[in-house]
Amino acid sequence: MRSGERFLLAICLVAPLLAACETAPVTGRSQLMLVSESEERQMGERAYSQLLSREPQLHDGGWATTTVDRVGRRIADAAEHPPAKMWKAPQYDWEFRTINKNVPNAFCLPGGKIGVNTGLLTVVQSDAELAAVLGHEVAHALARHAAERLSDQRAATVALTAATVALAVVGARGGTTSPGTSAALSVAALAAGAGVTYGVLLPMSRKQESEADHIGLVLMALAGYDPHAAITLWERLASLNKGQKGPQWLSTHPTDDTRIADIKGWVPEAMKYYRPRD
């Protein structure tokens, strides 16, 4: 392939990425979306079915299951009935499952499929604190973060392909095809891959987690839960996690200190939407 053809191929690979942007709710952040809503929902349904087939669940109608479902439904209702022009109602078939697992965690799959581990229910001390957790998870679905992550991965693949093409063009122009040159090009490609992971994908994951906190505060406020409860929850979780996490730049999540500081900064905005309920 001649250098001009390689250049045109790189342009063809990158060009579609420039016309696939959406806007996240509440924050207004521009998002790259290369995955359709229907594709995203299908992936979510498949993953949800697989997960439920292997994870132990509670179906006893006890405190845990009824509380998770009740609080979750209020948050989901807020997501489906946004204030004017804040976001488009997703019209998801929301589900909230209680997973019998002694790990303080919760998850969200595309299309509004959410699970809460019983281990997390031993940490939360009020409906409002549980609403902070579920608001965060519902926010992931509302902002289509799973589709955005997959889009970022696809875009990264395209970018790395384009970079490889560009490196090959440079090598061809130099007229050098020795083993040493090939090795240098391979090292450059590996460096580019590491740069994408640590410079793009992980920072984007942290950004999405922070964004879910931000959107989640608004959702819990709209659902009638005091957003200040998110601060007390994360302070308690931070005390449990103390000394167990590595540097932020290697993580998919912000540090606890960063998270708490950000939440404190967003609470006044969320309080504008807060109306207490019985």
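The second largest cavity holds about 40 Å³ of space, where a cavity is a set of points, on a 1 Å grid over the protein atoms alone, at which a 1.4 Å probe fits but cannot get out, and lining residues have an atom within 4 Å of a point. Its volume is the space filled by probe spheres set on the points, which are joined across faces, edges and corners. This is a predicted model, in which local features need pLDDT of at least 70 and side-chain atom pairs count only at pLDDT 80 or more, while totals for chains, interfaces and linings use all residues. Residues are numbered from 1 along each chain as its sequence is written, and side-chain values use heavy atoms, with hydrogens and water left out.

The lining of the second largest cavity includes Glu40, Cys108, His140 and Arg149. Strand 4, helix 5 and helix 6 (145-174) are the elements that give two or more residues to this lining, helices (H or I, at least four residues) and strands (E, at least two) being DSSP runs numbered from the N terminus. Helix 6 supplies the largest share, 3 residues.

Among the residues that line the largest cavity are Ala132, His136, Leu217 and Trp234, and helix 7 (179-222) gives the most to the lining, with 4 residues.

Strand 4 and strand 5 (residues 113-117) run antiparallel and are joined by 4 bridges, and alanine 106 has valine 116 in strand 5 as its bridge partner.

Two residues in loops deserve a separate look. Most residues other than glycine have a negative phi. Valine 26, however, has a positive phi of about 70 degrees although it is not a glycine, and its place is in the loop between strand 1 (21-23) and strand 2 (30-32). Lysine 85 likewise is not a glycine and has a positive phi of about 65 degrees, and lysine 85 is found in the loop between helix 3 (63-80) and strand 3 (95-99).

Technical notes
Pairing = 2+ DSSP bridges. 1 Å grid on protein atoms, 1.4 Å probe; cavity = no way out; pocket = protein on both sides within 12 Å on 5 of 7 lines; lining within 4 Å.
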